[in-house]
Amino acid sequence: MAVPTLVLPIREFLLTGLTATVVTFLLVGPVRVLALRLGAVAWPRKRDVHVTPTPRWGGLAMLGGVLAGVGMAYQLPALRLAFDNNASEVGGVLLAALLLAAVGALDDRYDLDALTKFAGQTTAAGVLVIFGVQWTVFFVPWGGSGSDESGSLLILGQEQGVLLTVLLTVALVNAMNFVDGLDGLAAGVGGIAAAAVGLFAIGLVGRVGNDPSVYSPALIAAVLAGACLGFLPHNFNPARIFMGDSGSMLIGVLLAAATTSASGKISIIGADTRDVLALFAPLIVLAAVVFVPLLDLLMAVVRRTRKGLSPFSPDKMHLHHRLLEIGHSQRRAVLLIYLWAGVLAFGAVALALLDDVTVAAWTTGLGLLVAVIATAVPAERRRTRNGPVRPPIP
């Protein structure tokens with residue numbers, strides 16, 4: 001008797017992402033006109049890189065693309081099962097996305113204070129928790145019993161799961177907000193992160209035998225990646241529109257929702273506690289895809305608090321500013337950060353999903369070496385030709 005072949009709905013996920021791409025691309029024009037008419041414009045400041053007034057609210061076009069992608073998924077029989085099994089989960093993610101996009105849009109127009117934005121972020125995280133999107137299990141490398149001494153699964157209590165989910169969501173939202181400093185940077189990093197999380201989530205779908213209950217993180221990641229891709233042509237240097245906080249916070253909350261939802265499937269897939277990498281996979285992938293923005297966020301908080309300033313006070317010392325100082329052009333700096341994010345994100349996914357860990361590790365290491373060399377080349381070239389590197393004249 002022939003064994004039935006496992007058919008994953010990859011084409012359907014790609015179609016939802018493509019729908020988000022096309023709708024986002026088409027909505028940017030009308031949103032740009034609306035932003036100009038209503039005054040949602042980024043005027044150049046001392047710490048900014050752009051020199052001409054540029055409309056914001058690109059995040060509203062991305063939100064439209066995300067909603068269109070989810071709507072397309074609902075029309076596809078293969079993905080309709082995601083709503084039948086996780087209707088409240090998908091609905092909660094969309095509600096949190098709408099909330100933060102609205103807060104971000106108001107901030108893009110009226111410059112809300114940091115406390116108001118923080119309240120919106122924590123409320124959105126609370127919405128995710130209420131609708132069942134929260135961390136429920138955690139792997140610890142101790143406490144194994146019997147023949148299984150490599151570790152154990154820690155079942156999180158309600159309070160622990162809520163706290164971890166809120167902290168993660170707020171951190172991701174602010175990390176994406178911090179990294180949004182060069183044309184195309186946040187859209188590209190967000191798209192790379194979403195693609196990596198989506199690939200990992202589809203891998204989970206395959207491991208559970210195409211169980212529809214595991215579709216939701218892949219769906220969230222697919223529509224987010226599509227929205228970022230659709231926005232990027234309008235936003236890459238020289239940008240005709242910025243995503244603003246409405247876009248960066250939207251990316252952050254959807255990434256948090258996708259990774260948190262994927263982590264909740266660990267108990268479903270019945271992973272063996274000996275497979276430490278598989279159990280750590282959601283955290284490894286999460287750490288990798290947001291390594292660059294979270295590192296930037298951490299460095300900014302430390303730098304500002306050491307000076308006695310608020311962690312939210314602006315400055316011109318982010319990672320992308322430092323790349324410009326050592327001699328990279330704006331486009332090259334953005335592409336370099338894409339390279340770092342891509343190597344880390346997809347390297348982590350490969351380590352988590354591939355059976356041959358050695359090949360994945362060597363490939364990831366080679367990619368990191370290329371990224372290091374590419375980052376250092378302009379500084380070395382200028383040091384050789386002109387002596388010590390000096391910051392470019394503004």
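Let me start with two rings. F13 is buried, and Y215 is buried too. This is a predicted model, so keep that in mind throughout.

F13 and Y215 form an aromatic pair, edge-to-face. Centre to centre, the distance is 5.8 Å, with 80 degrees between the planes. F13 sits in helix 1, residues 10–38, and Y215 in helix 7, residues 215–235. So the pair ties together parts that are 202 residues apart in sequence.

The structure holds two aromatic pairs. Here is the other: Y74 with F83, also edge-to-face. Is Y74 buried, partly exposed or exposed? Partly exposed, because its relative accessibility is 39%. F83 comes out at 12%, so F83 counts as buried. Y74 has another partner. The charged end of R80 sits over the Y74 ring, 4.2 Å from the ring centre.

Now the core. The largest nonpolar core has 86 residues. Which members touch the most others? M62, I251, V253, L254 and L255. Helix 6, residues 185–207, gives the most to this core: 14 residues. Take L254. Leaving out residues up to four places away in sequence, L254 touches V66, V93, A97, I220 and L224.

Last, confidence. Mean pLDDT for the chain is 78, and 72% of residues reach 70 or more. Among the elements, helix 2, residues 58–75, has the highest mean, 96. Helix 9, residues 266–269, has the lowest, 50. Residues 146–150 fall below 50, with nine contacts in the model beyond near neighbours in sequence. Residues 389–394 are also below 50, with 10 such contacts. Where pLDDT is low, the predicted coordinates should not be read in detail.

Technical notes. Residues are numbered from 1 along each chain as its sequence is written. This is a predicted model: local features need pLDDT of at least 70, side-chain atom pairs count only at pLDDT 80 or more; totals for chains, interfaces and linings use all residues. Side-chain values use heavy atoms; hydrogens and water are left out. pLDDT is the predictor's confidence in each residue, from 0 to 100. Helices (H or I, at least four residues) and strands (E, at least two) are DSSP runs, numbered from the N terminus. Contact means heavy atoms within 4.5 Å. A nonpolar core is a set of buried Ala, Val, Leu, Ile, Met, Phe, Trp, Tyr and Cys residues joined through side-chain atoms within 4.5 Å. Buried means under 20% relative accessible area, exposed over 50%, partly exposed in between (1.4 Å probe, protein chains only). Rings of Phe, Tyr and Trp (its six-membered ring) pair if their centres lie within 6.5 Å; planes under 30 degrees apart count as stacked, over 60 as edge-to-face and the rest as tilted. A charge sits over a ring if NZ of Lys or CZ of Arg is within 6 Å of the ring centre and within 35 degrees of the ring normal.
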